[in-house]
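Open the model in your viewer and keep the selection panel at hand. The tour goes from the domains to the interface between them, then to confidence.

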Amino acid sequence: MTDAKAPTATADANPGFTPRVFSGIQPSGGLTLGNYLGAIKRFVEMQGQGVETIYCMVDMHAITVWQDPEALRRQTRELAAGYLAAGLDPTKSILFNQSQVSAHAELGWIFNCVARMGWMNRMTQWKDKTSGKDAEKASLGLFAYPSLMAADILVYHATHVPVGEDQKQHVELTRDIAAKFNHDFKVDFFPMTNPVIEGAATRVMSLRDGTKKMSKSDPSDAARINLTDDADTIAKKIKKAKTDAEPLPESFEALADRPEAKNLVNIYAALAGMTKDAVLAEFAGQGFGAFKPKLADLAVASLAPISTEMSRLMQDPAEIDRILGQGADKADAIARPILEKTYDIVGMIRSRR
Ligand code: AQP
């Protein structure tokens with residue numbers, strides 16, 4: 001009993017546009033199990049299905065909050081190594097970092113003039129990241145983040161964006177920006193991009209609090225599994241993960257009010273490629289004393305080869321930079337004509353073209 005089919009990109013929603021997949025991850029820290037299951041694993045599953053796949057390290061998004069320059073360089077290479085180690089093949093997918101393709105920033109500015117302040121104000125990620133703090137002190141870039149994200153997607157006319165649950169609202173805003181641009185300039189130029197939110201773990205939760213997303217910027221390292229954690233650390237974090245005293249039930253619905261238990265079952269299902277009910281059929285009636293060691297073994301077996309390969313790739317940063325440079329050239333070749341056409345639609349003179 002394997003889990004749902006690999007994420008797919010179909011032509012249905014955008015007749016007239018070639019199906020194209022785009023997604024990105026911020027190099028804002030080490031990669032987590034959430035990034036792997038919610039994003040990278042699915043990116044890899046989508047490549048080689050006959051649809052162009054473009055994957056990015058969104059370094060310009062990362063600097064919307066302070067990043068130490070040396071750390072940003074290291075994190076960008078580490079993220080690239082993570083993508084490659086997890087199976088992303090640069091001959092099948094385009095892999096690059098955002099700042100090397102200036103079309104993202106250029107279209108982002110145009111979209112800043114299309115999107116409305118009220119739309120940005122309603123973004124839950126903006127509210128979450130500034131809640132309890134003084135929003136006045138947040139960077140202007142953090143506020144405009146979804147507008148740049150819309151540019152990331154639409155500068156390739158991407159029709160499908162595999163993301164975790166948390167990014168759904170930003171993809172919906174991308175559609176709003178595309179629709180307003182098309183309407184304002186009386187064109188049918190940008191597609192209505194679809195979020196692709198499929199798979200067992202589109203929202204992996206913190207190991208310390210089952211109601212909070214597992215996040216690379218969580219102050220507690222015990223809350224997440226990093227792709228670079230060694231076997232011992234992974235096993236310890238799972239052993240210490242918050243749970244309850246009840247045994248596992250027979251059906252997933254019965255876990256509705258047990259967020260931590262639900263999260264661990266989700267993670268197991270996603271790593272094993274099983275349905276959640278199949279996991280429960282195997283473990284029903286057993287407590288976490290029995291379940292956690294099995295989950296730890298599975299997590300170690302799944303992540304250790306990725307972590308080992310990441311370390312190997314990180315030995316040769318020049319090779320990583322070469323792959324990113326080649327990817328940036330390929331990305332630029334798609335983005336530049338779309339951007340030039342956008343400038344033309346907006347009414348800008350491009351005499352140096
Ligand atoms: N916990 C998660 N479960 C499922 N998917 C997740 N993603 C992130 N966390 C989870 C997915 O990973 C992709 C890249 O995310 P990102 O790095 O661009 O930004 P993020 O969503 O803000 O991720 P983090 O780890 O929480 O980063 P920080 O801490 O820097 O804000 C997206 O597709 C996201 O859905």
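Domain bounds here come from an automatic or database domain assignment. Select 20-202 + 318-346 for domain 1, then 229-313 for domain 2. This is a predicted model: local features need pLDDT of at least 70, side-chain atom pairs count only at pLDDT 80 or more, and totals for chains, interfaces and linings use all residues. Residues are numbered from 1 along each chain as its sequence is written, and side-chain values use heavy atoms, with hydrogens and water left out.

Now look at both domains together. Their centres, taken over C-alpha atoms, lie 30 Å apart. Domain 1 brings 13 residues to the contact and domain 2 brings eleven, where contact means heavy atoms within 4.5 Å.

What is the area buried between domain 1 and domain 2? It is about 1,000 Å², with 83% from carbon and sulfur atoms. Buried area is the accessible area (1.4 Å probe) that two parts lose on being put together, summed over both.

Next, select α1 (33-46) and α3 (69-85). These are the elements that give two or more residues to the side of domain 1 that touches domain 2. Helices are DSSP runs (H or I, at least four residues), numbered from the N terminus. α3 gives the most, with five residues.

Finally, colour by pLDDT, the predictor's confidence in each residue, from 0 to 100. The chain averages 93, and 95% of the residues score at least 70. Select residues 1-6: pLDDT is below 50 there.
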